[in-house]
Amino acid sequence: MSGLRHGLLPSALVPLAAAALSVGMAAPVTVGTPAHRVDCRIVRCVALTFDDGPTQYTAPILNTLQRQHVPATFFLIGPHALHYRTDVLREYRSGDAIGDHTVTHPRLTVLPLARIESEIGTAARQITSVTGQRPRLFRPPFGAWNAKVRMAAGAEDMAMIMWSVTARDWKFHDPLVIEHRVLSLVRPGAIVVLHDRYATTPLAIPHIIRALQARGYHLVTVPQLFGSTKGLRPGVLYRHGP
Ligand SMILES: [Zn+2]
């Protein structure tokens, strides 16, 4: 958020710059309809999702979600879940949804079926050892999937959750760019992919949430996004909600 970076941004981003400076200040509490009662076929919903954690950047994101009373969905790397158990339990107990994002974060499409199943199944056991609940959602690393990956997810009883909006926060380490991308690409039913592995992403989240709520969006978990429809089925791929 340096002045230098502001100078490089298009003028459309300037209003966001002022808002981003409020990061860390106490946010006004907006308590709307509880997320589990929201019907996403009728009202505008969006699901924020975070991949690759937990890491040291997960706690600041959880603080923001808690402060702004919204849930999110986290796709965990198995060994990270074992290392950051406290954060996983915080996610679980505060009503966030938890999904599987493999053990070693490989490009699954180049692996044989047995390795794909092992990546998904082992991470599921690692996550379960922390929360006591087996994940029912799976997101393939790099979004790379083929028929084998889908078959393996189905065999592990998991729905494949992709996304309709990417902030590319792995590439743009600037909260203003992350905010602008999410807010310009979001549509009702969107699944937004972010990462709780970069220092810049947590800085973008408070404003993204406030701006989405100002536009009338309900922030929900991925299962809540589909809760009013047929639900999520194992081995089926989902990119956005209703
Ligand atoms: Zn990932």
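Here, a residue counts as buried under 20% relative accessible area and as exposed over 50%. The views below all come from a predicted model.

**View 1. The two sides of helix α5.** On one side of α5, Thr-86 and Arg-93 are exposed. The buried residues of this helix, which spans residues 85-93, are Asp-87, Val-88 and Glu-91. As a reminder, an α-helix has 3.6 residues a turn, so residues three or four places apart point the same way. Covering the buried residues of α5 are, among others, α3 (58-67), β2 (73-76), α4 (78-83), β3 (97-100) and α6 (113-131). Just past the end of the helix, look for Gly-95, with its positive phi of about 90 degrees.

**View 2. Where α5 meets α6.** Two packed helices are described by the angle between their axes and the distance between the axes. For α5 and α6, that works out to an angle of about 75 degrees, with the axes 9 Å apart. Angles from 65 to 115 degrees count as roughly perpendicular, and α5 and α6 are therefore roughly perpendicular to each other. On the α5 side, Arg-85, Val-88, Leu-89 and Tyr-92 make the contact, and α6 brings Ser-129, Val-130 and Thr-131.

View 3. Three protein atoms to pick out here belong to Asp-52 (OD), His-101 (NE2) and His-105 (NE2), lying 2.0 to 2.1 Å from the zinc ion. Along the chain, the donors follow the spacing D-x48-H-x3-H. Both His-101 and His-105 are buried.

**View 4. The largest nonpolar core.** In soluble globular proteins, nonpolar side chains tend to be buried together. The largest such core in this model has 32 residues, and the members touching the most others are Leu-48, Leu-194 and Leu-212. At least two residues each come from β1 (45-53), α3, β2, α6, α8 (175-185), β7 (190-195) and α9 (201-214). The largest share, six residues, is supplied by α9.

**View 5. Zooming in on Leu-48.** Which residues does Leu-48 contact, leaving aside its neighbours within four places in sequence? They are Ala-72, Thr-73, Val-192, Leu-194, Ile-208, Ile-209, Leu-212, Leu-219 and Val-220. There is also a second, separate core, made of 15 residues, including Cys-40, Ala-159, Ile-191 and Val-222.

Notes. Residues are numbered from 1 along each chain as its sequence is written. This is a predicted model: local features need pLDDT of at least 70, side-chain atom pairs count only at pLDDT 80 or more; totals for chains, interfaces and linings use all residues. Side-chain values use heavy atoms; hydrogens and water are left out. Buried means under 20% relative accessible area, exposed over 50%, partly exposed in between (1.4 Å probe, protein chains only). Helices (H or I, at least four residues) and strands (E, at least two) are DSSP runs, numbered from the N terminus. Contact means heavy atoms within 4.5 Å. A nonpolar core is a set of buried Ala, Val, Leu, Ile, Met, Phe, Trp, Tyr and Cys residues joined through side-chain atoms within 4.5 Å. Donors are N, O and S atoms within 2.8 Å of the metal (3.2 Å for Na, K and Ca); water is not among the atoms, so sites may look incomplete. Axes are lines fitted to C-alpha atoms, for helices over the stretch in contact, and angles run from 0 to 180 degrees between N-to-C directions. Angles under 35 degrees count as roughly parallel, over 145 as roughly antiparallel, 65 to 115 as roughly perpendicular and the rest as oblique.
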